[in-house]
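Subject: Structure for you, with notes

Hello,

Here is the structure I promised to pass on. Please open it first, then read the notes below.

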Amino acid sequence: MADTTTADLTCDVVVIGAGTAGLAAERVARSEGARTLLIDDRFAGTTCATVGCMPSKLLITAGMAAQSIRRAEVFGIDATPRIDGKRVMQRVRCERDRFVAATRQGFDDLPEGVAIKACARFTGPSTLVLDDGRIVSARTVVIATGSKPIIPEPFRKLGDVIDTNDTIFELDELPRSLAVIGAGALGLELAQAFASLGVEVVVFEHGDHVGGVHDPVVEAELKRILRRCMTLHLGVDASPSAEDGGVVINWDGGSQRFDRVLVSTGREPKLDGLGLDQTGLALNDRGVPIYDKSTMQCGDAPIFIAGDADADRSVLHEAANEGTIAGRNAACFPNVEAVERDLPFTITFTDPPVAILGEPAGEDSVIGCAPYDDQGRAKVMAQAEGMVRIYASRPDGRLTGAAMIGPGMDHIAHLLALAIMRGETATGLLALPFYHPTLEEGLKPGLREICHEVHAPLSQRDQGIPPGA
Ligand SMILES: Cc1cc2nc3c(=O)[nH]c(=O)nc-3n(C[C@H](O)[C@H](O)[C@H](O)COP(=O)(O)OP(=O)(O)OC[C@H]3O[C@@H](n4cnc5c(N)ncnc54)[C@H](O)[C@@H]3O)c2cc1C
Ligand SMILES: NC(=O)c1ccc[n+]([C@@H]2O[C@H](COP(=O)([O-])OP(=O)(O)OC[C@H]3O[C@@H](n4cnc5c(N)ncnc54)[C@H](O)[C@@H]3O)[C@@H](O)[C@H]2O)c1
């Protein structure tokens with residue numbers, strides 16, 4: 001039990017970090033009857049709203065608007081996009097600021113005295129010192145400190161021609177040329193958005209894979225589509241040097257000058273300076289406390305962790321989910337409850353989007369393929385390309401996962417996620433109504449293939465469907 005006699009602030013649950021995970025943890029702990037404190041060094045708004053999901057999606061949507069003008073020709077509509085970079089970036093920031101204001105409103109709505117603006121550091125398993133010198137003593141602590149960009153050493157010395165997601169949305173103008181280092185979700189989304197807005201984009205990735213896509217067919221399709229609007233250098237070491245107000249990137253095979261460089265080489269948990277050495281927690285080789293993914297508890301300590309800080313499933317709905325689990329268990333400690341976690345689920349908002357559901361296909365998996373290059377509605381939209389690979393298990397064709405790229409996959413993925421989480425089989429899903437003509441009915445060939453493969457019955461209603469539907 002923490003020593004409360006010398007503390008300036010005492011509570012049941014103290015949450016460090018007022019991002020998506022921390023806000024969820026505090027709210028749930030309070031709803032469980034705990035006296036809470038929520039400590040944040042800035043209270044500037046969540047990463048999602050300020051420099052993450054929302055500004056990136058705003059920029060992507062601007063890129064898609066330009067692309068749809070270019071595509072209009074196929075419908076007999078002649079138009080050329082004239083892109084005003086200043087206005088593009090202004091709108092990104094203006095709309096972004098509305099999202100940030102909404103998250104800040106959430107801070108204002110906290111009960112009096114809960115929000116403490118300070119940087120926190122552990123002095124023991126359940127005691128913290130704030131940078132203003134105050135001591136906090138709690139029954140339990142939730143670490144929800146988020147993550148920060150990893151900037152490889154040679155890029156750190158380049159001065160202000162270097163961007164990360166923390167700075168790129170502040171650009172006044174679109175650069176003429178942009179080197180993107182790292183082909184994960186972050187790099188690909190922004191690379192394609194800038195390329196669609198007329199920026200010359202080259203992506204440098206030191207591995208051979210892009211977008212964290214494990215399915216070889218979907219990954220090959222993603223690479224093909226990306227290469228239409230940008231250059232991809234895979235398996236290269238990009239070595240930068242500052243030159244003429246820009247950057248020259250050298251790699252084995254070439255050298256090119258760029259106006260700016262976006263470093264998107266991954267993110268690491270923000271745990272340095274948190275005094276984890278004072279907690280007695282066991283850490284893994286990345287310096288992250290070892291914790292139970294079903295309870296979010298670190299060892300058997302009165303400490304819980306949630307969101308990007310735990311370096312697992314670093315996406316928004318998981319930050320909120322983990323915050324909820326951590327907040328509930330921190331409030332009810334030592335009565336900690338294990339919660340079954342959701343299906344792994346990611347969407348990369350390229351154009352067309354990529355979605356990955358569940359675990360990768362194993363040797364025993366049955367794979368049903370649903371190509372979108374001949375799909376009715378996709379052809380109507382002049383966006384017929386892509387592939388859905390649906391994974392299922394024997395003997396009954398129960399759905400286990402999917403990898404998909406194609407028009408509307410950010411929506412269709414939710415349908416499949418629901419089906420998988422509800423334990424649906426290919427036969428069962430085919431027995432449900434699919435409206436015609438929709439992108440959703442493009443899943444049917446893949447579902448039928450699974451049925452054939454495992455000798456499962458096809459639904460009687462799934463007969464005589466026109467090709468491509
Ligand atoms: C460019 C980009 C695009 C993204 N797009 C998507 C997307 O489309 N969909 C999706 O699902 N996910 C997306 N993500 C991921 C998503 O944004 C994160 O997973 C999520 O925001 C993490 O939330 P969090 O609560 O863990 O961290 P944060 O929101 O970063 O909150 C952490 C808080 O802790 C505070 N803090 C840190 N250390 C201390 C300390 N010692 N004392 C006090 N306070 C401290 C920080 O100031 C911060 O306010 C994207 C991320 C990026 C970077
Ligand atoms: N749509 C989404 O959900 C979305 C969008 C953007 C970001 N995010 C989240 O943001 C986080 C960060 O994304 P990210 O794409 O930066 O991370 P990431 O780890 O997914 O990808 C980083 C990529 O950079 C490469 N890399 C690392 N060092 C390199 C180097 N020196 N040179 C060349 N390549 C190098 C890696 O091989 C990897 O492919 C992720 O956790 C992701 O979940 C999510």
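This is a predicted model: local features need pLDDT of at least 70, side-chain atom pairs count only at pLDDT 80 or more; totals for chains, interfaces and linings use all residues.

**Ligand 1**

Start with the surroundings of this ligand. The shell around ligand 1 holds 36 residues. The closest are Asp40, Asp41, Thr47, Lys57 and Asp308. Lys57 also makes a polar contact through its side chain, 2.7 Å from an oxygen atom of ligand 1. Ser314 uses its backbone instead: a polar atom there is 3.3 Å from an oxygen atom of ligand 1. On its own, ligand 1 has 1,000 Å² of accessible area, and the protein covers 92% of that.

Which elements give two or more residues to this shell? They are helix H1 (20–31), strand E2 (36–40), helix H2 (47–50), helix H3 and helix H8 (316–332). H3 gives the most, with 3 residues. By class, the shell has 17 nonpolar, 12 polar and 7 charged residues.

**Ligand 2**

Now move to the other ligand. Here 19 residues surround ligand 2. Leu186, Glu189, Glu205, Ser314 and Ile347 are the closest.

- Ala185: a backbone N or O atom lies 3.2 Å from an oxygen atom of ligand 2.
- His206: a backbone N or O atom lies 3.2 Å from a nitrogen atom of ligand 2.
- Ser264: a polar backbone atom is 3.4 Å from an oxygen atom of ligand 2.

How much of ligand 2 does the protein bury? Taken alone, ligand 2 exposes 850 Å², and 71% of that is buried by the protein. Two elements, helix H6 (185–196) and strand E10 (200–205), each give two or more residues to the shell. H6 gives the most, with 3 residues. The shell divides into 9 nonpolar, 7 polar and 3 charged residues.

**Salt bridges**

Next come the charged pairs. Side chains of opposite charge can pair when their charged atoms come close. How many salt bridges does the structure hold? There are 31. Take three of them in turn.

Arg98 pairs with Glu95, and their closest N and O atoms are 3.4 Å apart. Both residues sit in helix H4, 3 residues apart, so about one helical turn separates them. Arg98 is exposed, at 53% relative accessibility. Glu95 is partly exposed, at 21%.

Arg260 and Asp163 meet at 2.6 Å, N to O. This pair links distant parts of the chain. Arg260 is in strand E15 (residues 260–263), Asp163 is in strand E8 (residues 162–163), and they are 97 residues apart. Are these two partners buried or exposed? Arg260 counts as buried because its relative accessibility is 17%, under the 20% cut-off. Asp163 is buried too, with a relative accessible area of 3%.

Glu219 and Lys223 form a salt bridge at 3.8 Å, N to O. They lie in helix H7 (residues 216–226), 4 residues apart, about one turn of the helix. Glu219 is buried at 6% relative accessibility. Lys223 is buried at 17%. There is also a network: salt bridges that share partners join Glu221, Arg224, Arg228 and Glu385.

**Two loops**

Finally, look at two loop residues. Where is Thr145? Thr145 lies in the loop between strand E6 (135–143) and strand E7 (147–149). Thr145 counts as buried, at 17% relative accessibility. A polar atom of its side chain lies 2.8 Å from the backbone oxygen of Lys270.

Val74 is in the loop between helix H3 (53–71) and helix H4 (85–108). Val74 is exposed, because its relative accessible area is 59% and the exposed class begins over 50%. Together, Val74, Phe75 and Ile77 make a nonpolar surface patch of about 320 Å².

Best wishes

Notes
Residues are numbered from 1 along each chain as its sequence is written. Chains are lettered from A and ligands numbered from 1 in the order in which they are written. Side-chain values use heavy atoms; hydrogens and water are left out. A residue is near a molecule or strand if one of its heavy atoms lies within 4 Å of it. A polar contact is a pair of N or O atoms within 3.5 Å; within protein, one must be able to donate a hydrogen and the other to accept it, and residues adjacent in sequence count only if both atoms are side-chain atoms. Accessible areas come from the Shrake-Rupley method with a 1.4 Å probe; for residues, only the protein chains shown count as cover. Ala, Val, Leu, Ile, Met, Phe, Trp, Tyr, Cys and Pro count as nonpolar, Asp, Glu, Lys and Arg as charged, and the others, Gly among them, as polar. Patches are made of residues with over 30% relative accessible area and no salt bridge: like charges are joined within 9 Å, nonpolar side chains (Val, Leu, Ile, Met, Phe, Trp, Tyr) within 5 Å. A salt bridge is a side-chain nitrogen of Lys or Arg within 4 Å of a carboxyl oxygen of Asp or Glu. Buried means under 20% relative accessible area, exposed over 50%, partly exposed in between (1.4 Å probe, protein chains only).
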